[in-house]
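Please keep the sequence and the structure open while reading this note. The points below are meant to be checked one at a time.

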Amino acid sequence: MKVPLLDLKAQYAGIKDEVLAAVGDVLDSQVCILGPKVEELEERIAALFDCKFGVGVSSGTDALLAALMALEIGPGDEVITTPFTFFATAGCVTRLGATPVFVDIDPRTYNMDPQLIERAITPQTKAIIPVHLFGQMCDMDPIMEIARRHNLFVIEDAAQAISSTYKGRKAGSIGTVGCFSFYPTKNLGGAGDGGMLVTNDAELNERLMVMRSHGSKPKYYHRVVGGNFRLDSLQAAILLVKLPHLEAWSEGRRRNAAIYDQELAGSPIGIPWVHADTISIYNQYVIRVQGRDELIAHLQAEQIGSEIYYPVPLHLQECFRNLGYKEGDLPESERAAHEVLALPIYPELSREQIGIVCRAVLEWVSARSTSAPEESLKHADHVTRH
Ligand SMILES: Cc1ncc(COP(=O)(O)O)c(C=O)c1O
C-alpha cells in the first residue's frame, strides 16, 4: 500500500521505548487487572475531560453496556439513538432486553438530528444515546434540553470523539455519563481492547465500579448482577504513555483534514462539514460521493486504503428486523450509507501521501465526469444542498 487507511506502526515507532518500559514495569509488578495504572489513567482522563470520575473498562462496548446497566435500563425500556453508527451503540441496548429507537441524522454532520428526537419519545423512553460520529460532537444543547424536559438519561457515545469539543465543552462531560473506546484505531488507542466511562455523578460512579466487577461489593456479595468489564493494567500503562500525545495527534489529523479540504474543494466530492461550535478530532475523514464502488476500486488500484463507515444503517440490519423498520424510514442515514467513504487521515501521513490520495480521487472525478457528466452534475447539486 502506498497510502494505507491507517498506519499504527508509524505511531508506535515514535514511542516504542517508552511503551516497552511501561509494559516491563507492569510485568515486573504483576498487577495485571485494574490496580494503580488503571487508577492513574482514570484520574488523568477524568481531569483532562472535565469530569470528576473515570471508570476504566474492557472496551467501548462494555462502557456502553455498563452505563445502561448502572442506569437500570432493561426490558420494556426504549433508548433513542442514531442508526448511523457502529453496531455496539444499539447492540448494547438490545442485549439488555431494551429497545433501540432510531432517529435520522443531520446529513451534514452524520450525527443524530436533535429536531427528530422529541417525536420519538414515548412513556417507555428512558435514555438518549447521542453518538459523536467521526470525531465531531453532536449538537448537545438541544439534546440536553429535551432530556431535561422529559427526565431522560443521556449516555454520550464518545468512542470516536475523545478530546473533541462542543462550545468549549469536552465530549463525555455533558451527558449523564460519557463512554470512550481505546480500540487501537481510535485517536487514543491501546494495544488491544479497552474503554472508559466518565461522569460527574458520584453515586453513578459507585454503581459503575460495582457493575464492572460482577456487581460485587463487598467482594463476593452481589446486590446487583454486573459483568467482567475490568480494564487490564497493561492497557492502562500503554495508554498513559500515549495520553500526552493525544492533542498533537488530533492536531495532526486536523492539519491533514485542512489539506484534503483545500485540495478537494470545488470538486463534486462532498467534504466533511464541521459545525462552527465544534472542534473535530477527525477520527475519520469522510467524503461523500456517488459511484463509490468505482472510486474504491480506483483507489485500490493506486494502492490507497479507504473504508466505508457504515454500509448498512442499523435500522436495516438483519438482527433488528423485529423492530419493524423498512427502507425509506430514515432516508438521510440510508443515503449516507450509500455515499460515505473514509480516506486516510492518521497524523503521521506525509503531505506527499495526502497529495497522492487527492490526485487519485480527482483523476477519478475527471474521468467519471467525461464518461457520465449528467450523474456527476446531479451529485454536485446534492452536495451543495447539504
Ligand atoms: C461509535 C462507537 N461506539 C462504540 C464502539 C465500541 O467500542 P469498542 O470497539 O472499544 O468496544 C465503537 C468502536 O468501534 C464506536 O465507534
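1. Leaving aside neighbours within four places in sequence, Glu42 is in contact (heavy atoms within 4.5 Å) with Gly54, Val55, Gly56, Met196 and Arg212. Glu42 belongs to helix α2 (residues 35-48); helices (H or I, at least four residues) and strands (E, at least two) are DSSP runs, numbered from the N terminus. Glu42 has a relative accessibility of 8% and so counts as buried. Buried means under 20% relative accessible area, exposed over 50%, and partly exposed in between (1.4 Å probe, protein chains only). The side chains of Glu42 and Arg212 make a polar contact at 2.8 Å. A polar contact is a pair of N or O atoms within 3.5 Å; within protein, one must be able to donate a hydrogen and the other to accept it, and residues adjacent in sequence count only if both atoms are side-chain atoms.

2. A note on the source: this is a predicted model, in which local features need pLDDT of at least 70 and side-chain atom pairs count only at pLDDT 80 or more, while totals for chains, interfaces and linings use all residues. Residues are numbered from 1 along each chain as its sequence is written, and side-chain values use heavy atoms, with hydrogens and water left out.

3. Strand β1 (residues 53-57) has 4 of its 5 residues buried, so the rest of the structure largely encloses it. β1 is joined by 5 bridges to strand β9 (residues 195-199), and the two run antiparallel. Two strands pair if DSSP finds at least two bridges between them. Within this pair, Val55 stands opposite Leu197 of β9.

4. Which residues have the most contacts inside the largest nonpolar core? They are Phe84, Ile155, Leu197, Tyr260 and Leu343, in a core of 67 residues. Helix α3 (residues 60-70) gives the most to this core, with 8 residues. A nonpolar core is a set of buried Ala, Val, Leu, Ile, Met, Phe, Trp, Tyr and Cys residues joined through side-chain atoms within 4.5 Å. A second, separate core has 42 residues, among them Ile143, Leu152, Tyr166 and Phe182.

5. An open sheet is formed by 3 strands in the order β7-β6-β10, with antiparallel pairing. β7 (169-170) and β10 (278-279) are at the edges with a single partner strand each, so one side of each has no neighbour in the sheet. Strand β6 (residues 165-166) pairs with β10 over 2 bridges, and Tyr166 has Thr278 as its bridge partner in β10.

6. His275 is in the loop between α8 (246-264) and β10. Its relative accessible area is 28%, so His275 is partly exposed. A polar atom of the His275 side chain lies 3.0 Å from the backbone nitrogen of Asp277. The C-alpha atoms of His275 and Arg108 are 8.7 Å apart, although 167 residues separate the two along the chain.

7. Of the 17 residues around the ligand, those that come nearest are Gly60, Thr61, Asp157, Ser181 and Lys186; a residue is near if one of its heavy atoms lies within 4 Å. A polar backbone atom of Gly60 is 2.8 Å from an oxygen atom of the ligand. A side-chain N or O atom of Asp157 is 2.8 Å from a ligand nitrogen, and a polar side-chain atom of Ser181 is 2.7 Å from a ligand oxygen.
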